[in-house]
Amino acid sequence: NRDYAQFLNQLGRAPDPAWASFESRKCRLQRGADGIWHSGAPDLPMVTVSLAGAKAYCQWRTEVGGALHRLPSEVEWEKAARGPGSFVYAYGNVYQRARANQESGTLQPVGQYPATGFGTWDLTGNAFEWTRDAYPSAVPGTFQVLRGGSFVLDGMYLRNSFRMRQRPDTRTDDFGFRLVREVLPPTDPP
């Protein structure tokens, strides 16, 4: 939420209303009378965000950060979630309710549970995450893939292999996103 508020404040114009359900109390971002966006829950993941809202944030991070920021592919997301041990859940092979924000009924601040062996947090539970991959369907672009599960799900719906499809304009209280920052390998001097 803190980072998304910064994005909105530096945007220089009103955000596209299709980016997120800004009017929803689940969004946790508010625009003050002075026009400044802020959040009473800065450490919660940004949710109620559509695919377009996630991509707009990625583009802004690329522009201000100097490196390409984008949504992960399904393969990248799953590799990060499985960690070096290729686990079923981000925390291991056996479902353990207390090891991630699952079945709690509410979002929790990011980074509350141990990271995977690759140093990534909250890949099991908390909020579904948009990926850059479209879900194969008869009408291309109809559905997008989300990964990671949610704070209301349990068991099989939280496995690293579980994928969900949804329309790209959907904005709910358990849909968020994660970024990939591409790092270019160093080049040898001429």
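A nonpolar core is a set of buried Ala, Val, Leu, Ile, Met, Phe, Trp, Tyr and Cys residues that are joined through side-chain atoms within 4.5 Å. The views below come from a predicted model.

**View 1. The largest nonpolar core and a second, separate one.** The largest nonpolar core has 26 residues, and among these Y4, W130 and F177 touch the most other members. Helices α1 and α2 and strands β4 (128-134) and β7 (175-177) each supply at least two residues of this core, and it is α2 that gives the most, with six residues.

**View 2. The packing of helix α1 against helix α2.** Helix α1 (residues 2-10) and helix α2 (residues 51-65) pack at an angle of about 75 degrees, and their axes are 11 Å apart. Angles of 65 to 115 degrees count as roughly perpendicular, and α1 and α2 are therefore roughly perpendicular to each other. On the side of α1 the contact is made by D3, Y4, Q6, F7 and Q10, while α2 contributes G53, A56, Y57, W60 and V64. Sorted by class, the residues of this contact are six nonpolar, three polar and one charged.

View 3. The buried residues of α1 include Y4, A5, F7 and L8. Because these residues cover an arc of only 155 degrees around the axis, they are on the same side of α1. Among the elements that cover the buried residues of α1 are β2 (37-38), α2 and β7. After α1 comes G12, which has a positive phi, near 80 degrees.

View 4. A14 lies in the loop between α1 and β1 (30-31), and because its relative accessibility is 48%, A14 counts as partly exposed. Although A14 and G35 are 21 residues apart along the chain, their C-alpha atoms are separated by 9.5 Å. R28 lies in the loop between α1 and β1 as well, and with a relative accessible area of 33% R28 is partly exposed. Most residues other than glycine have a negative phi. R28, which is not a glycine, has a positive phi near 70 degrees.

**View 5. Helix α3 and its buried residue R82.** In α3 (residues 74-82), the buried residues include E74, W77, A80, A81 and R82, and what covers the buried residues of this helix includes β4, β5 (144-147) and β6 (163-166). The relative accessible area of R82 is 19%, and buried means under 20%, so R82 counts as buried. Leaving aside residues up to four places away in sequence, R82 touches F87, V88, N160 and S161. R82 and L123 are 41 residues apart in sequence, yet in space they are 8.9 Å apart from C-alpha to C-alpha. Just after α3 comes G83, which takes a positive phi of about 70 degrees.

**View 6. Residue N126 in the loop between α3 and β4.** N126 is found in the loop that lies between α3 and β4. With a relative accessible area of 3%, N126 is buried. The phi of N126 is positive, about 65 degrees, although N126 is not a glycine.

Methods
Residues are numbered from 1 along each chain as its sequence is written. Side-chain values use heavy atoms; hydrogens and water are left out. Axes are lines fitted to C-alpha atoms, for helices over the stretch in contact, and angles run from 0 to 180 degrees between N-to-C directions. Helices (H or I, at least four residues) and strands (E, at least two) are DSSP runs, numbered from the N terminus. Angles under 35 degrees count as roughly parallel, over 145 as roughly antiparallel, 65 to 115 as roughly perpendicular and the rest as oblique. Contact means heavy atoms within 4.5 Å. Ala, Val, Leu, Ile, Met, Phe, Trp, Tyr, Cys and Pro count as nonpolar, Asp, Glu, Lys and Arg as charged, and the others, Gly among them, as polar. Buried means under 20% relative accessible area, exposed over 50%, partly exposed in between (1.4 Å probe, protein chains only). The arc is that of the directions from the helix axis to the C-beta atoms.
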